[in-house]
Amino acid sequence: MTLASLGYIGIRSTRTPEWQSFATNLLGMQQVDAGAGVRAFRMDDRKQRLVVTDDAGEGLGFMGWEVASAEALDLLASRLENAGVSVTLEPMILADQRQVIRLISFSDPEGNRIEVFCGPSIASDPFLPGRAISGFKTGSLGMGHAVLHARDVDLLLPFYRDLLGFRVTDYGLKPFKLYFFHLNGRHHSFAMVGTGRQGMHHFMVELISLDDVGQGYDLANQTEGQIAYTLGRHSNDHMISFYANSPSGFFVEHGWGARMIDPSTWKPHETFDGPSYWGHERLYLPEESADRLRPRDMRLDAARRGMRAPDPSTGCAWFDSVVRQE
């Protein structure tokens, strides 16, 4: 597998002051100096993980995926070019801005900018969170995960799975197509949802403590309209999380407790139990909309059937009653 993890995310936004408050006071990131028109934020020992630029428009600017070496970067570039994908070896000035040694860029079939890099810069000073949190779960797992809207999932699927090497963790086909992909032990580092749109749906940061998430939920509730999805637990990665409305209109998931997988033995499968066992009420949607009612009905059905995430302390497996394969 070439790609190792999600290294960083770039956001285009004219609302950089709002992002400064959102990233530090709610998410708990540390702001670092990055020059005029740019806000950069740390989550760990990396010099930056989130970059917000004041470019026109609001939304995803780029996703930065890490590889282990310059040789791996060259191999990926060759594979892409042989498949007809235009690849740019970016100049050192941009690599320096991204705080990496070497960097290539290209676009996926729907025009999302992808950057792949090696040699991330490590900070000499300790991470200082923007609010009192225990820290983020990163390291070899990467920054977290990114989820894209897709106009056509069937167009994007072979690009990410077959060309870039993302491995399918699980997927759902109704009421729309939704694919989750892993690169390492994190249940998913990337996902796509077939909404007929293009751009960022959400990105996720995972906290070390459940209390960090709960306190973030309380903080978000102090601002009218800040909560997009209420606190809940996902059925596939078992994450306990809430989703906040970001200053750029997409969501940011703030979570804890996601399951770890073994990539060498994991088998992809279709899921049928809905996105969440409980919670995650979609407050951003009208109360009686079908897109809000259907996930609610699926959660209530999960409650009637007594669906539970396996208790990691008991070593329980992923039961057939949780994921039914056809």
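Tutor: The largest nonpolar core contains 63 residues, and Leu50, Tyr160 and Phe203 have the most contacts inside it. Helix α4, residues 153-163, is its biggest contributor, with six residues. A nonpolar core is a set of buried Ala, Val, Leu, Ile, Met, Phe, Trp, Tyr and Cys residues joined through side-chain atoms within 4.5 Å. Buried means under 20% relative accessible area, exposed means over 50%, and partly exposed is in between, using a 1.4 Å probe and protein chains only. Helices (H or I, at least four residues) and strands (E, at least two) are DSSP runs, numbered from the N terminus. The model is predicted, so local features need pLDDT of at least 70 and side-chain atom pairs count only at pLDDT 80 or more, while totals for chains, interfaces and linings use all residues. Residues are numbered from 1 along each chain as its sequence is written, and side-chain values use heavy atoms, with hydrogens and water left out.

In soluble globular proteins, nonpolar side chains tend to be buried together. Here, the buried residues of α4 are Val153, Leu156, Leu157, Phe159, Tyr160 and Leu163. An α-helix has 3.6 residues a turn, so residues three or four places apart point the same way. At the N-terminal end, α4 is capped by Asp152, which has a side-chain oxygen 3.0 Å from the backbone nitrogen of Asp154. Just past the helix, Gly165 has a positive phi of about 90°.

Next comes Phe166, in the loop between α4 and β10 (167-172). Phe166 counts as buried because its relative accessibility is 1%. Leaving out residues up to four places away in sequence, Phe166 touches Leu3, Trp65, Tyr160, Arg161, Phe181, His182, Leu183 and Phe190. Contact here means heavy atoms within 4.5 Å.

One of those partners, Phe181, belongs to strand β11, residues 178-182. With a relative accessible area of 0%, Phe181 is buried. Apart from neighbours within four places in sequence, Phe181 is in contact with Leu157 and Arg161, among others, and also with Phe166, His187 and Met192.

Rolling a probe the size of a water molecule over the atoms shows where empty space is left. Strands β1 (3-12) and β8 (113-120) each supply at least two lining residues. The lining divides into four nonpolar, four polar and four charged residues. For that count, Ala, Val, Leu, Ile, Met, Phe, Trp, Tyr, Cys and Pro are nonpolar, Asp, Glu, Lys and Arg are charged, and the others, Gly among them, are polar.

Gln99 counts as partly exposed, at 25% relative accessibility.

Finally, a buried charged residue: Asp273 has a relative accessible area of 4%. Asp273 sits in the loop between β17 (269-270) and β18 (276-278). Its side chain makes a polar contact with the side chain of Arg305, at 2.8 Å. A polar contact is a pair of N or O atoms within 3.5 Å; within protein, one must be able to donate a hydrogen and the other to accept it, and residues adjacent in sequence count only if both atoms are side-chain atoms.
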